[in-house]
Every structure is written in C-alpha cells, then in structure tokens.
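Today I'm looking up how the two chains meet.

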Amino acid sequence: MELTYGKELNKALFNHDSGFCPGCMHPLINKILGEVLTENGYLENTVMVMPIGCGCNTIRYMDVDMVRGLHGRAGAVATGFKRVRPDKVVITYQGDGDAAAIGGLETFYAANRGEAFTAIMVNNQIFGMTGGQMSPCTLVGQQTTTGERLAQHMGYPVHCAEMIAQLPAVGFCGRFSVHTPKHVLQTKAAIKKAIELQMNEGKYSFIEILSACPVNWHIKPEDGPKVIEERVLPEFPLGVLRDCTKEA
Amino acid sequence: MSKKETLSEGKRQILSGNTALAEAAVRAGCKFYAGYPITPQTAITEYLSERMAETGGVFVQAESEVAAINMVLGASAAGARAMTATSCQGLSLMAEGMSSLAAGRIPGVIVDVQRGGAGTGAILPSQCDYSFVTRSLGHGGLHAYVFGPSTVQEIVDVTGRAFDIADEYRTPVLILTDGVLGLMMEAVTLPEFKEDIPDREWKIEGREGLRPKMMTGDNVKPPIAQENRLRDIFVPMYEEWEQDPLYEEVETEDAELIIAAWGSVARVAKTALKELREEGYRVGMIRPISLYPFPTQAFRSLDPAKVKNIVVAEHALPPQLMFDVDHAVQGRIPLTSCTHSSGVLLSPDEIADACRKLL
Amino acid sequence: MEQSIMIAGFGGQGVQTLGKLLAYVANESGLQVTFYPSYGAEMRGGTSNCTVVISDSEIAAPYRSSVDCVAVLNAPSYTAFGGAVKDGGTLIVNSNLIEGAQERAGRRLVNLPLNDLAAEAGSPLTLNVILLGFLAQYVDGLSPEAAERVVRQRLGKRADLLEMNLKAFARGAELAQELTA
C-alpha cells in the first residue's frame with residue numbers, strides 16, 4: 001500500500017511501506033516520533049541510537065541519522081554520544097527485551113546518572129524478532145515459545161517506568177500507549193516534552209510505550225488495541241510517574 | 001594540586017606505565033574516557049577522572065566494562081577520540097563491543113593491563129590475553145591493531161600511534177601492557193599535545209540540510225553486500241598491516257639462539273641476553289612490538305643453518321606467543337617454551353638457564 | 001654499572017614511597033632507573049616490597065632474583081628476602097624488629113635501629129626518609145644533593161614536616177658516612 005502520509009508533515013520517515021508486521025505498533029510510534037522531530041525542527045540535529053530486536057526495523061523506516069548499538073547497549077552508546085555532543089538530540093529506541101533484559105544495567109545507570117537523552121522503550125511483552133520468547137515484561141500466564149510465564153519460576157513482569165521514576169536524576173518518566181487516538185496524542189505530547197527537557201534543561205527522560213505484537217500474541221492484527229485494554233493495562237497502568245517540571 | 005601542575009613539559013620524568021599511558025592518551029587528543037575499576041588497571045581510570053576535565057574531555061565511570069566499551073562506541077561515532085582501559089576479565093566483557101567497533105568501522109583505543117589467569121585468576125602480572133586479542137576480536141573474526149610495548153617510554157610512543165592508526169583505518173586498536181609495565185616507574189619524555197587532529201567526515205551528527213541519512217554499523221544489508229564489505233575493506237586492510245609489522249631485533253646477526261619475547265618479559269629476556277653475551281654465547285632476540293600484525297617474516301627469514309634454537313619466553317601457560325612463532329618458522333627451527341603464569345614471574349636467570357641448556 | 005636495590009617491610013613502613021623517592025633521586029642524579037612495586041589484594045597491612053634498579057645505561061629487567069642491596073624492615077621480610085643479596089652485596093636490617101641477623105661471607109651486614117632513629121627524628125613516619133638518606137649516600141652514583149632536592153620537592157608540603165624530614169634525611173646520610181669512612 002502506498003504511504004499517503006505527507007512527507008512534508010513528517011520529514012523523518014522514508015516514503016515507503018513499513019516492514020513491520022500487521023498490527024504492530026512500532027510504525028505508529030515511529031510516525032509520532034517523526035512528527036515531533038519535524039514539527040519542532042529537531043530533525044537536522046537528531047541522532048537515534050538503535051537496538052537489536054524488532055525496533056531496529058525502524059532503521060528502514062525512519063530517515064534519521066543513527067548509531068547502531070548492540071543488543072541492550074543503547075543506554076551506554078547514547079551516554080558516550082551525548083557527552084561528546086550535548087548539542088544533539090539523542091534518542092534511544094529499544095524494546096523491552098533489549099532495554100530491560102540484556103540492557104537492564106545500561107538503561108538503569110544511564111537513568112541514574114541523568115544522562116541528557118531521551119529513552120524510548122516499546123513494551124510489547126515479548127521477544128518479537130526472534131519469534132515470541134518470554135521477555136521481562138511478559139504477563140503472568142502469557143504463553144511464549146519458551147513457556148508460560150509462571151511467577152514461581154520467572155517472577156513478575158518488570159515495571160521499568162516505575163523503577164526508573166524512583167531515580168532523582170530523571171527529568172520525565174511515564175508509561176504511555178498508542179492503542180487509541182487519544183493515547184497516541186498523549187504519547188506524542190510526552191515525547192515532545194521529553195525532547196524539550198533534554199534540549200532545554202539537559203534532562204533524561206524514559207518513555208515506556210505499550211505495543212501489541214499480534215503475531216506472537218497469536219491474535220488477529222485488529223484485536224491488538226482490545227487485548228491491550230483488557231489484559232495489558234491492568235498489569236501496566238498508564239501515566240506520568242515523574243515530571244521534574246511539576247516538582248517544587 | 002592538579003595533574004597539570006605535577007607534569008613538567010619536555011623533561012624526562014619518572015612516571016608509572018599506567019600514568020604515562022593515560023597522559024599520552026590525553027596528549028594524543030583523547031577527549032572521551034570510560035572505565036571501570038580493576039587491578040592493575042585502575043590507576044589509568046583514577047588519573048583520567050581528573051585529567052579529562054582539565055583538558056576539556058569527558059570522563060565517565062561506567063557501570064561495567066560492557067558499558068564502558070559501548071560508551072566509547074557512542075563517543076567515537078560522535079567524533080571524539082575515545083579510549084577505555086581494563087584488565088583481562090574486563091576485556092572478556094568488552095569482546096562483543098570491540099567486535100562491534102570493528103564491524104562498524106568506529107575507531108577506539110582499548111588498553112589491557114594484563115593480570116593473571118583464567119576465571120577470576122590472579123591480580124598479578126601475566127600475558128595471558130595474547131591469543132585472545134591476536135586471533136580475532138570477539139565474535140566475527142575481525143581484528144584490531146594490537147601493540148605490545150615493553151618500556152614506559154614505548155607505552156607513551158605507541159599510545160600516540162594507536163589513536164592515529166585508529167583514525168586512519170577506522171579500527172579499534174589495542175594496547176597490551178601488564179601489571180609489571182603498568183605499575184613500574186621509569187623515566188619518560190612526554191610528547192607535545194597533538195593539535196591538528198583531522199575531523200571525521202563520517203561522524204554522525206544529524207541530517208544537516210536534510211542531507212541523506214548516515215549511520216554506523218548498518219548490517220541490514222543482503223549477505224552478499226556484507227561479504228563484499230569484508231572482502232573489499234577488512235581483508236585488504238589487514239594485508240596492508242601485515243606488510244609492515246613493528247618489531248625489534250637485538251643482536252640477531254650472529255645468533256645461534258634466538259629468544260622470542262614481548263612486553264615486560266622481553267625486558268627480562270634482554271637482561272638474560274646481556275649476561276649470556278658476556279659469557280660468550282651468541283644469543284639474539286626478536287621482540288614483536290605489534291602483536292597483530294605479527295612480524296612473521298622476521299622469524300621466517302631466520303636461517304636454520306645458523307639459528308639452532310628459539311626460546312619463546314612469555315607469561316602464559318599454556319603458551320600463546322609460541323603459536324605465532326611456530327607458524328612463522330614452520331618447523332624448521334626447534335622451539336623451546338620458557339614460561340610462567342598466574343603472576344609467577346620469569347627471572348633473567350631462568351631465561352638465561354633455559355638458553356644455556358641449548359647452547 | 002648497574003645496581004639493584006630491594007626494599008621490603010610491612011604496609012605502613014613507607015616501602016613503596018621510599019622506592020619511588022629513590023627513583024626520583026636516581027633520575028635527578030642523571031641516571032637511568034626503574035622502580036617496580038610488588039602488589040597484592042590488601043589495602044593495608046601485609047608485606048610490601050619493591051625493587052629499584054639504577055644504571056648509567058639502559059635498564060632491561062626491572063626485577064631480579066638476587067640484588068646488590070636488600071633493606072628489610074621487619075622480621076617476615078628478613079625471612080623472605082634476606083637471602084636475596086648477591087655476592088659482594090649489602091643487607092640492611094632494621095635491628096629494632098629483626099633479631100639475630102646472620103653475618104655471611106661475601107655479604108655486608110648493616111644493622112640500623114630504624115625505629116629508634118625515627119623516634120629520635122620526631123616521628124615513626126620518618127623511618128623511610130632516614131633510609132633514603134642512608135641509601136642516597138651509600139649507593140654509588142646517587143647524588144646526596146639531588147636527593148635533598150627530591151626531599152624538598154616531594155616532602156615539602158608542610159614546612160614543619162619538611163624540617164623534620166630534612167633532619168631525618170641528614171641523619172641517615174650521616175650513618176652511611178660513618179660506615180664508609
């Protein structure tokens with residue numbers, strides 16, 4: 001299908017089809033991120049640090065300068081980059097397997113140091129690219145190709161936004177979703193705020209965004225939003241968890 | 001007192017290998033350093049924690065060696081000369097990141113102040129990472145240019161070259177020292193601060209003027225494109241390096257026995273060599289300074305009619321340097337291994353005795 | 001002419017500092033020098049040793065299995081390194097902490113009551129400075145003047161401490177002069 005979305009409205013996207021699976025929410029997240037960069041005039045100054053996992057398909061979709069990181073290492077790569085070029089908009093873009101499992105330490109310590117970049121973590125509760133294995137955010141009882149998540153063996157879904165929100169050096173942190181138009185607008189506003197805080201006040205932000213993975217959830221593509229509403233939101237409530245602009 | 005005030009310009013001064021290396025990096029234009037404490041490397045990290053700020057650079061104490069090498073990757077992609085330093089165990093943790101630097105053609109200088117042994121090992125000196133860094137750089141089979149200096153002055157000299165080679169070839173460069181060289185002090189003359197460091201036209205900084213997108217380490221390419229990249233860029237680069245390895249020959253002209261040794265062990269061997277020469281034995285030494293590229297030809301061109309034995313002295317058990325020498329001489333000259341490991345050090349007497357038995 | 005000196009004692013006796021100071025002195029005296037510290041996992045306590053090699057030409061090995069001069073500052077160091085003196089070399093023992101050091105043919109034994117001397121100089125911390133004064137005078141090629149400059153440079157942060165250190169240094173040098181006279 002030809003992409004009809006106007007290039008002039010979103011200079012951060014290539015004008016071709018997305019390589020993501022039907023019902024995946026990465027393209028939508030790519031799109032609103034691109035809109036923010038275009039609307040705020042950041043595009044010429046932005047560098048994204050890319051993950052390993054489904055999120056790295058963004059490389060083919062977003063027309064933004066990028067540094068390719070290893071699996072989980074975006075927090076460290078972005079630290080090195082931003083410290084050398086504080087004038088650049090630096091955004092990490094990772095999934096929950098990348099940012100919370102193998103890269104948990106890098107994510108946590110970049111946040112704890114309050115590195116002046118914006119971390120986006122797309123939480124689809126599964127390892128997508130490798131075919132549906134259990135991830136840190138897999139729900140209790142959820143079936144994966146590495147078994148059902150049983151709390152007695154694997155504990156409970158990791159609440160990244162809540163953990164990171166505890167860290168005093170963090171500027172802005174919260175969990176958002178893109179499963180309805182209202183939520184899309186809220187997420188876009190959060191990304192915009194995070195990038196502005198990065199550039200104007202040198203603050204770190206963590207934006208966790210819920211996504212569906214219909215292929216590995218074994219649901220129909222169009223059922224993603226419904227499943228998020230019914231099963232995911234009870235485990236992962238939405239909202240801003242830390243906002244330095246609202247603190248005394 | 002700031003580090004600046006304690007260092008005097010252009011004068012021979014007594015510095016430890018670790019301090020000299022750190023200061024040489026600063027003078028070579030290193031603007032980013034990330035490190036994690038580990039004996040016997042820690043002095044480099046401590047020194048630079050203060051010195052980077054004094055010289056307009058950035059210091060980050062990383063949460064792990066894994067993070068440190070990836071910080072170097074990010075800083076280097078942003079255009080800065082960047083370095084990290086560690087000791088053996090930490091280098092294992094950096095393997096994946098070093099491979100990523102090589103594959104992404106991102107320069108970086110990695111220092112390994114070697115300590116002993118596998119696993120937790122020992123904190124005392126060794127040369128047990130030789131094979132690890134010369135065979136290939138983590139997964140994937142790519143290489144770093146690897147230096148194995150032998151004196152504190154040589155540490156200073158190769159550190160400057162390391163940053164230049166890293167930029168010229170867009171490659172990681174390793175400097176292997178050890179607990180002896182890192183902690184021992186001797187007189188060095190430091191170079192001037194390097195001024196004209198070329199800007200990296202490939203650095204990543206955003207699509208200014210909405211020029212076409214740039215990125216590092218793009219591997220979402222068809223297999224044949226990836227293979228061609230290896231064939232067209234990496235293989236010729238390594239072949240070019242192999243044309244010009246760095247090494248020192250000591251009294252090899254009339255030698256009946258050659259000692260092969262590198263790094264701190266080569267110093268010990270040199271004392272043994274001096275004693276043996278005084279006793280009238282015709283002994284020489286070949287000392288690799290670049291461990292990769294290895295001075296294969298220097299060994300291969302030895303005449304078996306003249307050189308009856310080669311003693312390979314190293315702090316590694318099982319031996320490691322031994323295999324490069326073996327590959328070079330192709331069985332034409334008998335090799336004898338003279339080693340200690342795990343922090344037990346070869347003395348000049350031991351190396352001399354090993355030679356005497358063969359003479 | 002190459003000379004190797006090993007210093008050994010327990011942590012806190014200033015063994016490593018003395019080794020470094022000797023290296024600075026050798027450098028100031030226009031000689032080549034290497035200083036090699038042993039190191040271990042303990043931050044404090046335990047035994048500590050270092051080797052300083054001084055020469056008028058290039059120095060290769062920074063440590064040896066036997067050396068020209070060994071200074072042992074406590075009993076365990078005497079046990080460990082007392083035998084590491086080459087023929088014709090010198091063994092310096094801290095006679096306050098090491099009893100009954102044996103005379104041996106081909107080795108000069110020097111007993112110095114370093115703890116007492118340090119106490120006389122005003123502080124136990126001057127023990128290594130006394131030994132520095134001794135060695136700067138005793139070891140061929142080292143310049144006592146250069147050594148005094150090093151003491152002023154490196155131990156001169158506080159005027160009162162510098163005065164004490166200079167006194168300790170002079171006392172050590174005096175003992176060496178008496179011995180070689």
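Predicted model: local features only at pLDDT ≥ 70, side-chain atom pairs only at ≥ 80, totals over all residues.

Next I asked which elements of chain A give two or more residues to the side that touches chain B. They are β1 (46-50), β2 (65-68), α3 (74-84) and α5 (104-113). The largest share comes from α3(A), with seven residues. Sorted by class, I have 15 nonpolar, four polar and eleven charged residues on that side of chain A.

The rule finds five salt bridges across the interface of chain A and chain B. I looked up one of them by name: A:Asp63 and B:Arg207 meet through their side chains, at 3.3 Å from N to O.

I also checked the strands. β2(A) is joined to β10 of chain B (residues 215-216) by two bridges, and the two strands run parallel. Which residue of β10(B) does A:Met66 stand opposite? I found B:Met215 there.

Last entry, on the overall contact. I noted 30 residues from chain A and 37 residues from chain B. Between them the chains bury about 2800 Å², and carbon and sulfur atoms account for 60% of that. On the chain A side, I wrote down A:Glu44, A:Asp65 and A:Arg68, which supply 23% of the area that chain A buries against chain B.

Terms used
Residues numbered from 1 in each chain as written. Chains lettered and ligands numbered in written order. Heavy atoms only, no water. Contact = heavy atoms within 4.5 Å. Buried area = accessible area lost by both parts, 1.4 Å probe. Salt bridge = Lys/Arg side-chain N within 4 Å of Asp/Glu carboxyl O. Helix = DSSP H or I, 4+ residues; strand = E, 2+ residues; numbered from the N terminus. Nonpolar A, V, L, I, M, F, W, Y, C, P; charged D, E, K, R; others polar. Pairing = 2+ DSSP bridges.
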